[in-house]
Amino acid sequence: MSVSKREEEYLETMYILQKNKGVIRVKDIAKALKVKPPSVVDALKKLSEKGLVEYEKYDRILLTEEGRKIAEDTYSKHKLLTQFFVGILGIPPEIAEQDACQFEHYVHEETVKRMMEFAEFIQENCSGVLKQFLKERIEKEK
């Protein structure tokens, strides 16, 4: 099944809300994604038709097993990319977070996997070089 980048974003947001608050509400999704509640309702209807969420007006919102899997995969990519951007490239956390949020929807899983393998290799085998690189980046930014 084809899921758009925007749908991934909705699913990931719902996953994070459920994880942090224990409940998914239209107003919380709207706030997190900076959209109006009617836009959220439209998205929920589409996601429901695809079998990715269970949604009835004025009732609870739940991710289905398939919806949760997509959300978890997207969230996992987001976390790994953020760690790579901060830990290996020395990108400031707030920028890394924004970039990961965009990048996660366009990068293939194999690319993320390879980036993480590279990061682990560098951290294990070239930690001195990595520390020097990060130190120089921080000094240049001052």
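Visitor: What share of the 142 residues in the chain is buried?
Guide: Buried residues make up 37% of the 142 residues in the chain, and please keep in mind that this is a predicted model.

Visitor: And which elements does the chain have, going from the N terminus?
Guide: The chain holds seven helices and two strands, and from the N terminus on they follow the order α-α-α-β-β-α-α-α-α.

Visitor: How big a box do the C-alpha atoms fill?
Guide: Taken along the principal axes, the box filled by the C-alpha atoms is roughly 55 × 30 × 25 Å.

Visitor: Let's look at His78; is His78 buried or exposed?
Guide: His78, which sits in helix 4 (residues 65-87), counts as buried because its relative accessibility is 7%, and buried means under 20%.

Visitor: Which residues does His78 touch?
Guide: Leaving aside residues up to four places away in sequence, His78 touches Glu12, Glu97, Ala100, Cys101 and Glu104.

Visitor: Now Lys34, where is that one?
Guide: Lys34 lies in the loop between helix 2 (26-33) and helix 3, and with a relative accessibility of 74% Lys34 counts as exposed.

Visitor: What about phi of Lys34?
Guide: Phi of Lys34 is near 60°, which is a positive value in a residue other than glycine.

Visitor: Last one: how far apart are Asp42 and Cys126?
Guide: Asp42 and Cys126 are 84 residues apart in sequence, and from C-alpha to C-alpha they are 49 Å apart in space. Asp42 itself belongs to helix 3 (residues 37-49) and is partly exposed, with a relative accessible area of 44%.

Terms used: Residues numbered from 1 in each chain as written. Predicted model: local features only at pLDDT ≥ 70, side-chain atom pairs only at ≥ 80, totals over all residues. Heavy atoms only, no water. Helix = DSSP H or I, 4+ residues; strand = E, 2+ residues; numbered from the N terminus. Buried < 20%, exposed > 50% of the residue type's maximum accessible area, 1.4 Å probe, protein only. Contact = heavy atoms within 4.5 Å.
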